Amino acid sequence: MIQAAVLGYGTVGSGVVEVLHKNREIIAKRVGEEIEVKYILDLRDFPGDPFEDKVVHDINLILDDPDISVVCETMGGTKPAYQFTKDALLKGKSVCTSNKELVASYGPELLQMAAENNCSYLFEASVGGGIPIIRPMNTSLAPENIVKIKGILNGTTNYILTKMAKEGASFDTVLKEAQEKGYAERNPEADVEGYDACRKIAILSSLMTGKNVDFSKIYTEGITKITARDFEYAKAVNKSIKLLAVSERTDDGVSILVAPFMLGAEHPLCGVNDVFNAVYVTGNMVGDLMFYGHGAGKLATASAVVSDVMECAGNIGKNIPVLWESDNLPLLDMKECTRKFFVRVAMKDRGAVLNSFGKIKEIDITDDEFGFITDSMTEKEFDTRMKGLREVLSVIRVENEE
Ligand code: HSE
């Protein structure tokens, strides 16, 4: 029997215990032996919970127990998760985590520590919740030179943007409603400002390149400035607006950004709605692939953690290698990247726009302002051309048609 411990009995941690319990027979068949949760570490007690007898408050009970070979870190944040993870790995216990913040901040160090201690550090649940994406990137796509990853990696913002698109409601109204329904956090900053998606694309880009992508270097823009009027324009040209995390490899290097994009209705990511996430991956041999599913939620995320636990259970005493070196990958300057832009300006700026931009695609939906899509140009050139305008109402990048 394989014995495991769960650190943090919140939404994901309790889901892990539930998945391991409910699917114990199928899991045992596939692993070749049973997996049992021996300890659940949490600051709280859980009277009446079916697993209350497993709850402990001292991490050392877990670290000092030689029977524990796999630890699920579902605490979130870096303190104390970072220290607990290092301590477990140093004792040769594999760690499976859903903690994107920790993985994005300390991935290479923790992977190296796992390799040195003949155990593993796996993080399938850290990106895209229940969507299998980390393991496919490390195994099925191993022969590929992955040239592009484009993801809808945050369920909260996708839910908000979907509602805005469908109902013509404002960002503030939809956010409030999402908070009331429990779909958005009381403090929604990490989601709506794009920070959560930024960490996730940093992890995917590190796996894509094998080098460390420092998430603090990724240009990140959230969705707080998107308005109902922007969606009217998008609809008029058969597009929608999605928060995309994009990582692209060219001959010059790798560019990464997180920002709202206008996306054509024909693009597969445009049909990804509500809380769903999707990752669109382009390999140089396999072509385009799309991974789609629940990017958050108790059982979906827990299922991904348990898939890692099962892989560790089949590799006790061995390291499952993950190529993610510690040298930082230099990123291309975003200002040199080329794309089209959607812009709304006050009507008084129409003449200046026509002078400055030359060829544009006008979108005519109202008399009180002027909306258009530019030709392709670098971000730097776009900034220069925008300089003379007096009242800019909105700027949204436009995703290139595939
Ligand atoms: N807050 C995240 C989201 C949860 O909305 O997608 C999963 O990381």
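Student: How far from an oxygen atom of the ligand does a backbone N or O atom of Gly155 lie?
Tutor: This is a predicted model, in which local features need pLDDT of at least 70, side-chain atom pairs count only at pLDDT 80 or more, and totals for chains, interfaces and linings use all residues. Residues are numbered from 1 along each chain as its sequence is written, and side-chain values use heavy atoms, with hydrogens and water left out. Gly155 is one of the residues surrounding the ligand. The distance between its backbone N or O atom and the ligand oxygen is 2.7 Å.

Student: Which residue places a polar side-chain atom 2.6 Å from an oxygen atom of the ligand?
Tutor: Lys100 has a polar side-chain atom 2.7 Å from a ligand oxygen. The value of 2.6 Å belongs to a polar side-chain atom of Thr156.

Student: What share of the ligand's accessible area does the protein cover?
Tutor: Accessible areas come from the Shrake-Rupley method with a 1.4 Å probe; for residues, only the protein chains shown count as cover. On its own, the ligand has 260 Å² of accessible area, and the protein covers 79%.

Student: How many charged residues does the shell around the ligand have?
Tutor: Asp, Glu, Lys and Arg count as charged; Ala, Val, Leu, Ile, Met, Phe, Trp, Tyr, Cys and Pro count as nonpolar; the others, Gly among them, count as polar. By these classes, the shell has one nonpolar residue and four polar residues, and its number of charged residues is four.

Student: What is the phi of Asn118?
Tutor: Most residues other than glycine have a negative phi. Asn118, in the loop between helix 5 (100-116) and strand 6 (121-122), is a residue other than glycine with a positive value. Its phi is near 50 degrees.

Student: Why does Asp274 count as partly exposed?
Tutor: Buried means under 20% relative accessible area, exposed over 50%, and partly exposed in between, with a 1.4 Å probe and protein chains only. Asp274, found in the loop between strand 10 (253-264) and strand 11 (276-283), has a positive phi of about 55 degrees although it is not a glycine. Asp274 counts as partly exposed because its relative accessible area is 32%.

Student: With which residue does the side chain of Ser394 make a polar contact?
Tutor: Ser394 is found in strand 17 (residues 392-398) and is buried, at 8% relative accessible area. A polar contact is a pair of N or O atoms within 3.5 Å; within protein, one must be able to donate a hydrogen and the other to accept it, and residues adjacent in sequence count only if both atoms are side-chain atoms. At 2.9 Å, the partner side chain is that of Asp230.

Conventions: A residue is near a molecule or strand if one of its heavy atoms lies within 4 Å of it. Helices (H or I, at least four residues) and strands (E, at least two) are DSSP runs, numbered from the N terminus.
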